[in-house]
Amino acid sequence: MYLMVCICDGVQCMCVMMYLCVMVCVFACALQQYPLSPRVLSFCRFPFMLDPQAKSALMHVESRVQMTIAVDQAMRRNLHSLLTQSHLFDPNPQSFELNVKRGTLIKDTLTTLVTTSKLSPYDFKKPLKVTFVGEEGLDAGGVQKEFFMLLLQAILNPDFGMFVEDPESHLIWFRDQELMYESIDYYVLIGILCGLAIYNSVIVELPFPTALYKKLLNRPVNLSDLKELKPSVGQNLEDMENYQGSDFENDFILNFGITRFSFGTAETVALIPGGLDKPVTLENCKDYVSIYVDYVLNSSVEEPFKAFANGFMNVCNGRVLGMFHPTELMTLVVGNKVVDWNEMEKFMDYRSGYYSEHHTIRMFWKVFYDLPTEAKKKFLVFYTGCNRVPVTGFKNMHMVIQKMDGGPGCERLPVAHTCYNILDLPPYSSEAKLKEKLLQAINFTSGFGIV
């Protein structure tokens with residue numbers, strides 16, 4: 001093994017060397033053309049040495065490299081079609097475009113995904129561009145955020161019929177494959193959508209348990225995963241495993257069966273052949289728990305999960321994905337649930353005459369901190385298009401507040417440029433006026449326009 005050793009300036013030099021090694025490695029991995037030699041020392045061989053922020057940065061770099069390759073391939077195909085006079089010319093070689101109407105959002109999106117997956121699935125690798133028909137907003141990131149937020153809220157809703165929500169944890173899971181009434185192909189399309197969000201660095205609220213990310217990374221699931229999805233069921237199974245009494249069968253009165261529900265109708269099915277006639281005893285309770293967990297998280301949803309995973313991997317199939325721990329991947333996808341509002345103020349920048357101690361800015365922060373948590377999250381959606389922050393926190397979001405034209409008596413509402421995380425804030429005359437206009441802006445606005 002060849003090893004480069006540098007001993008100048010101690011720790012600082014080692015940090016620089018680590019960064020350079022990681023960056024060289026990720027480009028090789030992303031291009032997927034130069035497998036790492038056993039003689040090359042690469043920190044990407046030891047992902048436990050990288051924190052979630054570093055892995056997130058590597059994922060971003062890998063995606064950008066793949067986007068560049070996809071665009072280059074599209075332009076090469078166009079050149080070939082011109083030379084051969086074929087009908088395979090791509091009118092949008094620079095991006096994968098989704099033109100949707102708000103009133104028919106699901107239909108328009110799924111139609112485009114179906115067409116693309118059949119005719120040109122490699123287009124999913126190009127940079128995504130979303131347009132709401134009839135709106136003037138240019139997609140520099142903000143339109144994508146609202147698109148994914150609205151679409152996934154609708155399509156992952158249990159009322160849509162493809163997923164089931166646990167009433168206790170409010171997490172969703174795949175519907176039992178024997179109770180499905182939608183085509184399995186819909187799960188492929190939903191997997192593609194989730195993959196597109198991650199691939200294009202968009203935080204989305206996916207109310208799935210950690211088990212989903214374990215399965216995507218080919219990690220085994222266990223009782224703790226079931227407990228996260230179904231807290232009471234998981235706790236009961238855990239209590240069963242830890243039972244210390246002397247009359248197990250009479251205390252639990254169970255057989256190797258499971259009750260499942262479909263539209264309010266209960267049905268009991270056997271977990272193993274003849275399971276409804278086989279009692280659960282102290283001697284076989286661990287087997288029962290293992291089989292129960294496997295049924296809920298694996299065997300009963302094997303087909304819909306496989307379809308979802310195939311769609312997801314059509315987009316997110318880079319090598320960096322395998323470096324993530326399941327909980328790290330989950331945080332990358334859904335963002336941090338806990339928001340440090342003080343960090344937002346710390347990393348906020350100001351322009352056009354505003355500065356941290358400006359009278360209007362001090363009024364803004366006083367009003368903001370007095371808002372309830374729900375209103376703060378609405379403000380974050382209004383400002384950035386999402387109510388959560390990336391795994392890297394606020395420091396890389398480059399948030400700005402700039403002065404909007406108008407005097408102290410200005411009646412205009414604050415304007416958010418979600419694509420660039422910029423807030424136009426008029427110099428209001430009082431805290432009361434600022435609070436009134438800010439609440440109007442975050443509660444009664446939607447859509448995109450040119451300002």
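**Burial, ring pairs and a sheet**

Mentor: Phe368 counts as buried, at 0% relative accessibility (buried is under 20% relative accessible area, exposed over 50%, partly exposed in between, with a 1.4 Å probe and protein chains only), whereas Tyr369, at 29%, counts as partly exposed. The model is predicted, so local features need pLDDT of at least 70 and side-chain atom pairs pLDDT 80 or more, while totals for chains, interfaces and linings use all residues. Residues are numbered from 1 along each chain as its sequence is written, and side-chain values use heavy atoms, leaving out hydrogens and water.

Trainee: How many aromatic pairs are found in the whole structure?

Mentor: Rings of Phe, Tyr and Trp (its six-membered ring) pair if their centres lie within 6.5 Å, with planes under 30 degrees apart stacked, over 60 edge-to-face and the rest tilted; the search finds 25 such pairs. Phe163 and Phe208 pair edge-to-face, 5.4 Å centre to centre with 75° between the planes. Phe163 lies in strand 3 and Phe208 in the loop between helix 5 and helix 6, so this pair ties together parts 45 residues apart in sequence (DSSP runs, numbered from the N terminus: helices are H or I of at least four residues, strands E of at least two).

Trainee: In what order do the four strands form the open sheet?

Mentor: Strands of a sheet pair through backbone hydrogen bonds, either parallel or antiparallel. Here the order is 7-8-10-9 with mixed pairing, where two strands pair if DSSP finds at least two bridges between them. Strand 8 (residues 400-403) runs parallel to strand 10 (residues 422-425), joined by four bridges, and Gln402 has Asp424 as its bridge partner in strand 10.
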